[in-house]
Amino acid sequence: MSVCSALLTRHAAGGCCRGLCGVPPPLLHIRLASVAEPGTRGADEEQLWDAAGNLQFSRAKTGSFFQERPVLKNPFLEDALLRGYLRRHLPQEAALSDLRAFGERVANEVDVWGRECEVTPPRLEHFDPWGRRVDHIVTSPAWKRMKDLSAQEGLVAIGYERSFGEWSRVFQMSKLYIFSPSSGLYTCPLAMTDGAAKVIQSIGVSWPVDEAYSRLTTRQPEQFWSSGQWMTERQGGSDVASGTETVAVPQTDGSYKLHGFKWFTSATDADMTLTLARVQDGSGATTPGSRGLSLFYAEVSRDEDGRLKGIEVQRLKDKLGTRQMPTAELLLDGLPAHRLSEKGRGVASIANMLTITRIHNSVSAAAAMRRVVQLARDYATRRTAFGKLLKDHPLHIQTLARMEVETRGAFLLVMDVCRLLGREESGMATQHDAHLLRLLTPVAKLYTGKQAVAVVSEGLESFGGQGYIEDTGLPALLRDAQVLSIWEGTTNVLSLDVLRCVARSSGMVLHAYFTHVKSLLAGASSVSTLAPAVRAVDGALSELEDFVQVAATRAPGYLELAARDLAYSLARIYTGALLIDHACWEGASSSDTYAALRWCEHDLCPVTTKQARGCYELSTAPLDAALVYDWPIQG
């Protein structure tokens with residue numbers, strides 16, 4: 001008998017795989033062992049019949065069993081890692097009580113709004129009943145409530161009030177982490193609003209943007225503005241240098257009028273926007289490339305007839321996910337605007353915005369993972385399969401544990417980037433911190449974006465068929481997660497950005513990285529239970545150092561082929577060090593230790609694994625192309 005046959009026979013004897021082994025599964029409604037006297041009806045049999053003698057499943061009857069849905073409980077109280085992290089770094093009762101209360105509000109009030117945003121997506125009204133062009137984007141009442149809530153809860157303001165000093169950004173992002181999965185995607189306009197405020201602050205809060213800054217950062221709902229970010233054009237995407245065709249025509253009063261076509265504008269119902277354009281000279285010429293791009297500020301307003309000033313909304317985008325948020329194609333036809341940056345310094349001026357929006361993206365990714373794990377964990381206590389609850393099936397719990405480890409790693413990676421941002425903004429950052437922030441921002445964004453899709457997909461599978469049914473709300477988690485690896489730079493674009501920041505810093509960002517990881521590991525050197533994890537991370541770090549030294553001697557194309565695996569290696573090693581460090585503090589739990597050990601079962605340095613197989617040799621590029629396009633292999 002084969003091993004497989006023996007296993008099947010053994011399981012059949014135990015009654016676990018009857019359908020597989022030819023034994024029919026039990027009926028849903030089955031009689032108990034006791035048998036009624038002939039001619040009588042047992043108590044259990046009575047349940048199959050109604051008073052008229054009809055079976056339960058006759059006519060419109062569907063039986064008595066209905067599966068309980070997963071219950072969203074207070075996401076702050078349900079997250080042991082979040083609470084432990086804050087007890088360690090931000091133990092102020094004001095912060096903890098605020099998050100506790102906000103978590104209760106999210107579970108009992110806001111989550112319903114988020115669902116309303118999903119089932120009542122925005123729509124575009126081009127014309128009023130009398131034929132006048134109005135281009136009204138109509139959003140649900142819940143979307144508007146999200147805006148008011150964002151102001152009241154200080155979801156942008158916290159980052160600028162800085163009530164908690166260098167930990168203010170951690171507090172702000174912890175709140176957004178709780179809010180994001182229930183927000184109906186309102187975290188997207190908040191990311192751009194935060195980014196716009198950051199740009200204005202870095203350039204200088206003065207006319208013409210002083211009022212805008214106060215509105216972006218207020219806690220007063222009636223004063224609060226959201227901002228758009230209108231960068232992408234038909235040729236563009238991340239390549240704004242060659243893809244921006246919008247022109248800025250100077251006016252006699254020093255302002256400009258913008259003319260162009262924006263192919264992808266998120267949160268199009270915003271009150272203002274920042275955008276890139278090329279300034280025309282006296283002859284109407286513009287400067288190509290990034291040297292010709294300047295940054296502009298424009299308010300979104302209407303004339304006395306209700307028509308948008310200088311804007312026509314061509315259509316709303318029909319997207320895979322993020323359907324709650326209006327995303328549109330816009331024709332800019334004389335949009336009044338003010339130049340914020342020096343001429344030709346537009347790309348440099350949006351660097352601060354990209355830092356903020358990429359961090360928001362990473363927070364949303366970690367939050368999506370946490371939410372699906374929380375729901376799956378609750379569902380496992382409610383769903384019975386093969387005679388026992390899902391939580392009592394070791395294989396199911398193993399799967400949830402793997403999801404939990406990924407979620408914990410993502411959370412600590414993202415929060416460390418928030419910590420570095422807070423140190424920079426409070427004037428406490430060292431050059432070492434600045435280098436780490438520059439390197440880890442794209443690394444965290446690209447890694448968590450990809451992991452969110454994987455973890456959320458696995459999470460949907462844990463609900464079985466119901467995870468695929470739209471009206472459960474669960475599929476929206478996966479559809480919305482897919483944008484996280486695309487928006488603000490795809491994985492490959494951000495991997496190349498990592499190479500750029502290494503080159504521009506003459507390798508100093510990597511020096512800061514290696515130094516910090518070694519310091520985190522040194523703090524755990526005396527904890528015996530963490531020794532396997534410390535050895536794993538330390539070994540991977542040594543491998544990474546060796547790779548960098550070898551790669552520095554190769555042609556530039558070598559590192560470009562390695563860029564994605566290099567970014568993954570940076571993420572996994574750093575995250576492993578953070579998990580080890582968190583498991584060392586005095587309030588750590590046994591689960592913190594176990595998570596660190598499980599994380600280090602990863603291939604922590606995939607770039608050296610692939611290097612050993614020759615994956616980055618320049619000869620592989622034409623072979624890859626031949627494989628993709630089925631071309632003949634030369635030579």
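When I say contact, I mean heavy atoms within 4.5 Å. With that cut-off, and leaving aside neighbours within four places in sequence, Ser341 is in contact with Ser294, Leu295, Gly346 and Ser349. Please keep in mind that this is a predicted model.

Where is Ser341 in the fold? Ser341 sits in the loop that runs between β9, residues 327-339, and α11, residues 346-349. Is Ser341 buried or exposed? Its relative accessibility is 4%, and the cut-off for buried is under 20%, so Ser341 counts as buried.

Two of the contact partners deserve a number each. Ser294 is 47 residues from Ser341 in sequence, yet the C-alpha atoms of the two are 6.0 Å apart in space. For Leu295, the detail is polar: a polar atom of the Ser341 side chain lies 2.9 Å from the backbone nitrogen of Leu295.

The second residue is Thr357. Thr357 belongs to helix α12, which covers residues 351-379. Thr357 counts as buried because its relative accessibility is 0%. The Thr357 side chain reaches the backbone oxygen of Leu354, at 3.3 Å. If residues up to four places away in sequence are not counted, Thr357 touches Ala191, Met192, Gln229, Trp487 and Glu488.

Now the chain as a whole. How many helices and strands does the protein chain have? There are 22 helices and eleven strands. Of the contacts with a separation of 6 or more, 74% are between residues 24 or more positions apart. Burial over the 635 residues comes to 50%.

On overall dimensions, the radius of gyration is 28 Å; a compact globule with 635 residues would have a value near 26 Å, so the two agree. Along the principal axes, the C-alpha atoms fill a box of roughly 105 × 70 × 65 Å.

Last, the surface and the charges. The protein chain exposes about 29500 Å², and carbon and sulfur atoms supply 54% of that area. What is the charge count of the side chains? There are 67 positive and 71 negative side chains, and the centres of the two sets lie 2 Å apart.

To recap the two residues: Ser341 is a buried loop residue, and Thr357 is a buried residue in helix α12. That is the end of the talk.

Terms used: Residues are numbered from 1 along each chain as its sequence is written. This is a predicted model: local features need pLDDT of at least 70, side-chain atom pairs count only at pLDDT 80 or more; totals for chains, interfaces and linings use all residues. Side-chain values use heavy atoms; hydrogens and water are left out. Helices (H or I, at least four residues) and strands (E, at least two) are DSSP runs, numbered from the N terminus. Buried means under 20% relative accessible area, exposed over 50%, partly exposed in between (1.4 Å probe, protein chains only). A polar contact is a pair of N or O atoms within 3.5 Å; within protein, one must be able to donate a hydrogen and the other to accept it, and residues adjacent in sequence count only if both atoms are side-chain atoms. The radius of gyration is taken over C-alpha atoms; the globule rule is 2.2 Å times the number of residues to the power 0.38. Accessible areas come from the Shrake-Rupley method with a 1.4 Å probe; for residues, only the protein chains shown count as cover. Lys and Arg count as positive and Asp and Glu as negative; His and the chain ends are not counted. The place of a charge is taken as NZ of Lys, CZ of Arg, CG of Asp or CD of Glu.
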